[in-house]
Every structure is written in structure tokens, then in C-alpha cells.
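Please read these notes with the sequence and the model open side by side. They are numbered so that each point can be answered separately.

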Amino acid sequence: MEGTHVPGAHCLVPHQTWGVVKPASPHPSGSFSAAILSAGAEIIITPEPAQPAEGDNVTLAVQGLSGELLAYNWYAGPTLSLSYLVASYIVSTGDETPGPAHTGREAVRPDGGLDIQGALPGHSGTYILQTLNRQFQTEVGYGHMQVYEILAQPVVVANSTALVERRDTLHLTCSSPSPAEVRWFFNGDALPIAVRLGLSPNGRVLTRHGIRREEAGAYQCEVWNPVSVSRSEPVNLTVYFGPERVAILQDSTTRTGCTIKVDFNTSLTLWCVSRSCPEPEYVWTFNGRALKSDQDHLNISSMTATQEGTYTCIAKNPKTLLSGSASVVVKLSAATVIMTIVPVPTRPMEGQDVTLTVQGYPKDLLVYAWYRGPASEPNRLLSQLPSGNWIAGPAHTGREVGFPNCSLLVQKLNLTDAGRYTLKTVTLQGKTETLEVELQVALLE
């Protein structure tokens with residue numbers, strides 16, 4: 001209601017009394033806006049209910065009226081101005097005359113009170129009751145009423161719902177058409193506004209410079225007044241960080257920075273872990289060379305000497321643009337190395353070349369020899385390599401080539417090359433080992 005709001009006033013102080021005004025003299029036209037005041041009790045105006053909500057029926061009850069009264073004037077405003085006049089009421093006849101400030105909801109009671117049907121927030125403000133007695137003397141009482149609105153649900157507006165830790169600033173605004181009080185909630189609990197969290201003077205804007213990961217979660221604001229409360233839907237904030245503490249695990253055990261020893265021909269899985277939001281992207285390297293794996297784990301199957309070396313996991317966070325790495329050294333267990341022979345290709349065709357690849361050969365090798373058949377028959381010797389020197393045997397066809405790692409290449413296969421091949425090795429300590437492989441040659445169609 002125009003001119004009726006008193007800033008900062010939210011409710012009526014119980015049992016507050018209002019001073020009696022003493023006008024100078026009666027108005028010559030018969031209006032009693034100014035008259036000589038009679039001595040009497042103080043007029044007290046009290047809203048019932050004391051804290052009305054919009055839509056309530058409210059009565060401005062009056063106490064302290066004295067003498068035989070002729071009429072009442074009710075004003076909705078800070079002064080006895082005609083523009084604030086709500087209604088005039090003649091006690092003897094019950095006649096009521098609406099004034100310029102009448103909204104169609106007010107009615108004067110015979111006992112001097114004022115009924116307001118379906119009060120609105122605009123009815124809030126200062127009210128004045130002016131009475132006239134048979135001596136044409138007036139008394140004036142003041143009161144105040146605050147009609148509280150039923151609050152609509154507020155909305156939390158965020159400058160962003162995904163921020164980078166210690167880099168970005170969070171701004172949350174509680175948007176509401178009402179000037180009601182505001183309080184904030186974090187993950188459903190009342191948010192204590194710490195020093196690190198800046199709050200605007202009206203409580204509507206929450207600011208955090210250099211957001212931290214522990215401040216990620218669901219934010220809500222709540223508006224309230226003495227008769228109504230309404231809370232917003234949650235806004236979920238994500239805070240990106242990391243990667244931190246990048247480490248390589250084997251079977252849930254941290255292996256970063258150490259040497260892992262693996263038995264020959266067994267498998268090994270390395271896991272890359274870190275503290276990061278979101279989950280980082282992974283790059284694995286072997287002896288500085290990038291591998292094709294982009295997962296959080298790396299499988300090494302059938303461990304051989306060629307897979308010995310340094311394995312490194314690099315974790316990259318696409319949101320923070322930070323990265324971290326961890327490395328381990330993988331070696332074969334010396335006491336458990338088992339020598340094997342693998343034909344490559346495994347089933348060659350007639351006319352193709354095949355390499356009988358030796359895995360796990362002795363590192364302290366002195367000499368080796370290949371046989372076309374069992375090693376017990378010297379005439380089946382294909383070749384041998386003592387101290388790097390190539391010696392052809394009786395069974396050598398000119399198509400066989402030996403390598404320092406004990407492997408044997410057989411070129412331009414024919415069907416007669418199929419069968420058993422035997423490798424015999426001798427170490428510097430004199431240890432002898434014999435290993436056989438069966439070569440199959442497919443007929444060229």
C-alpha cells in the first residue's frame with residue numbers, strides 16, 4: 001500500500017503502546033481531523049493474528065477507547081491525510097463511508113476495530129485510528145501491521161557447475177522475487193558461512209575464490225519469513241582436480257618405483273591409480289616408447305626376456321590440464337627362466353620362411369647347436385654357433401641361418417623340412433639343456 005511500508009519492520013512488538021496526539025482545534029467543516037484532545041486512556045492497536053500471512057483475514061483490534069464516541073476515522077498511512085483515509089464510521093447509525101485508500105477489503109467494526117478480508121502484503125504499514133467523542137474531542141492511536149507473503153520457490157543460479165580447483169571462482173545467486181531472509185544449505189545441511197566463503201550483505205550471493213574439492217556437492221538456498229519458508233532445488237557443483245599420487249599397483253599392492261620380478265611365461269597386470277576428477281586419460285610407455293594401451297591397466301602375457309624393462313603410466317586430466325606419472329621395472333626371475341621354441345609363423349606353408357624363435361635362452365650361453373632330429377645323432381647337426389662363429393653341420397642344406405639368440409631361420413620351406421628340430425645349449429658353467437620342437441609345413445594349394 002502506497003506510503004505505508006516502514007523499512008526494517010517485520011512484526012509488531014507485543015504490547016507496544018502508541019502515543020496520543022493532541023490536535024489544535026475542531027475543523028470548521030465538521031471533519032474531526034483536528035480537535036481538542038480529551039484526557040483518557042492510551043489507544044492500543046494490535047493486529048490479530050499478530051503475524052498474518054497473505055490471504056488471512058486480519059482484524060486491527062483496538063483497546064483503550066474512552067468516553068462516548070460519535071465516529072471513527074481509519075487511515076492507512078503515516079499521517080492524517082485525506083489521501084490515506086480508509087473509511088469513516090458513524091457509531092450511532094453504523095454508516096461507513098469509504099475513503100481514497102479503501103481497497104474493497106476493509107470494514108470498520110462497531111467497537112472501532114478494522115477488519116481486512118484476505119489481506120495482501122500491500123496492506124502492510126502504519127495504521128492510524130482517529131476517534132471523535134460527544135465533546136468533539138479527538139484521540140489518535142497508531143499501530144503497525146506486517147502482512148507476510150507466501151514465498152515462491154527460489155532458484156539457485158551458478159556461474160558454472162563445473163570448476164577447476166584453486167583456479168576458478170564460484171558465484172551462487174539465490175534468485176527470489178521476495179525480499180525475505182535467505183539461508184544456504186550444502187548437501188542438505190545448513191551451511192556455516194566460514195571465512196573462506198564470502199556472503200553478500202543481503203545473503204543472496206555466495207562467493208568462493210579458488211574453489212576447493214571439499215566444496216563440491218549440492219547447494220540450495222532457502223527464503224523464509226515468520227509465516228512461510230521455501231527451499232530451492234539443489235544445484236550440483238563438480239570441482240575438477242588432479243591427477244595426484246599417481247601410482248602403479250600389482251594385485252592391490254603399490255609397486256611404484258620398485259622392481260617387479262616375474263616368472264618366465266607367466267602373465268602380469270599393472271594398474272595405474274591416482275586421485276583425480278574426472279577420471280584421467282592414460283598413456284603407457286615401455287622403455288620410453290608409447291604402447292597402444294589407453295586403459296587404466298596394462299596386461300603383460302607370457303613374460304619373456306624381450307618384455308623386461310621400465311613401464312611407465314602417465315595420467316592426464318583433460319579438465320585441469322595437469323598430468324602425473326609413475327614407473328616400475330619389470331624383470332624375469334632368474335631362477336625360473338624356462339626356454340621355449342616358438343615357430344613364427346606357427347604353421348608356415350611350403351615355400352615360406354620360418355623362424356624357430358627361442359625365448360628364455362641362457363644369458364651366459366657358451367655354445368648352441370641345432371639338429372634336424374634328435375641331438376644324439378651327430379650326422380643330423382644343422383649348425384652351431386660357438387663364441388659367435390658359424391659352423392655348418394652334415395644336415396645343413398644351405399637354407400638354415402642361426403642367430404646369437406639361438407633362433408634358427410629356415411628359408412624356402414619344402415615338405416621334407418617338416419618334423420622334429422632339437423636345440424642344445426651349453427652355458428659358461430657347463431650346464432647343458434636340450435629342447436625340441438615339431439615343425440609342421442602346410443601344402444601350398
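**Notes on the predicted model**

1. Strands E15 and E16 pair in the antiparallel sense over two bridges. Strands here (E, at least two residues) are DSSP runs numbered from the N terminus, as are helices (H or I, at least four residues). Two strands count as paired if DSSP finds at least two bridges between them. Leu-199 stands opposite Leu-206 in E16.

2. Before going further, some ground rules. This is a predicted model, in which local features need pLDDT of at least 70 and side-chain atom pairs count only at pLDDT 80 or more, while totals for chains, interfaces and linings use all residues. Residues are numbered from 1 along each chain as its sequence is written, and side-chain values use heavy atoms, with hydrogens and water left out.

3. The pairing in point 1 belongs to an open sheet of four strands, which are ordered E10-E12-E16-E15 and pair antiparallel. Its edge strands are E10 (155–158) and E15 (198–199), each of which pairs on one side only.

4. A further open sheet of four strands has the order E1-E2-E7-E6, and its pairing is antiparallel. E1 and E6 (106–108) stand at the edges with a single partner strand each, so one side of each is left without a neighbour in the sheet. On average, neighbouring strands of this sheet are turned by 20 degrees against each other, direction ignored. The axes behind such angles are lines fitted to C-alpha atoms (for helices over the stretch in contact), and angles run from 0 to 180 degrees between N-to-C directions. Within the sheet, E2 and E7 (residues 114–116) run antiparallel and are joined by three bridges. Leu-60 has Leu-114 in E7 as its bridge partner.

5. For the whole protein, the count is zero helices and 36 strands. Of the 445 residues, 42% are buried; buried means under 20% relative accessible area, exposed over 50%, and partly exposed in between (1.4 Å probe, protein chains only). The accessible surface comes to about 22700 Å², and carbon and sulfur atoms account for 53% of that surface. These areas come from the Shrake-Rupley method with a 1.4 Å probe, and for residues only the protein chains shown count as cover. Among contacts between residues at least 6 apart in sequence, 57% join residues at least 24 apart; a contact means heavy atoms within 4.5 Å.

6. Which residues does Arg-213 meet in salt bridges? One is Glu-165, with the closest N and O atoms 2.8 Å apart. A salt bridge here is a side-chain nitrogen of Lys or Arg within 4 Å of a carboxyl oxygen of Asp or Glu. This pair links distant parts of the chain, 48 residues apart: Arg-213 is in the loop between E16 (205–208) and E17 (217–225), and Glu-165 is in the loop between E11 (162–164) and E12 (170–175). Glu-165 is buried, at 14% relative accessible area. Arg-213 also meets Glu-244, at 2.6 Å from N to O. Glu-244 lies in strand E19, 31 residues from Arg-213, and is partly exposed at 28% relative accessibility.

7. The whole structure has ten salt bridges. Among them is the bridge between Asp-115 and Arg-109, whose closest N and O atoms are 3.3 Å apart. Asp-115 is buried at 18% relative accessibility, whereas Arg-109 is partly exposed at 30%. Arg-109, Asp-111 and Asp-115 are linked in a network of salt bridges.

8. Is Ser-232 buried or exposed? Ser-232 is buried, with a relative accessible area of 3%. The residue sits in the loop between E18 (228–231) and E19 (235–250). Leaving aside neighbours within four places in sequence, Ser-232 is in contact with Gln-153, Pro-154, Val-155, Val-156, Gln-220 and Cys-221.

9. The structure holds three aromatic pairs. The ring centres of Phe-186 and Tyr-219 are 4.9 Å apart and the planes are at 45 degrees, so the pair is tilted. Phe-186 is in strand E13 (residues 181–186) and Tyr-219 in strand E17, 33 residues apart. Rings of Phe, Tyr and Trp (its six-membered ring) pair if their centres lie within 6.5 Å; planes under 30 degrees apart count as stacked, over 60 as edge-to-face and the rest as tilted. Tyr-219 is buried, with a relative accessible area of 3%.

10. Gln-51 lies in the loop between E1 (44–48) and E2 (58–63) and is partly exposed, at 35% relative accessibility. The C-alpha atoms of Gln-51 and Val-227 are separated by 7.2 Å, although the two residues are 176 apart along the chain.
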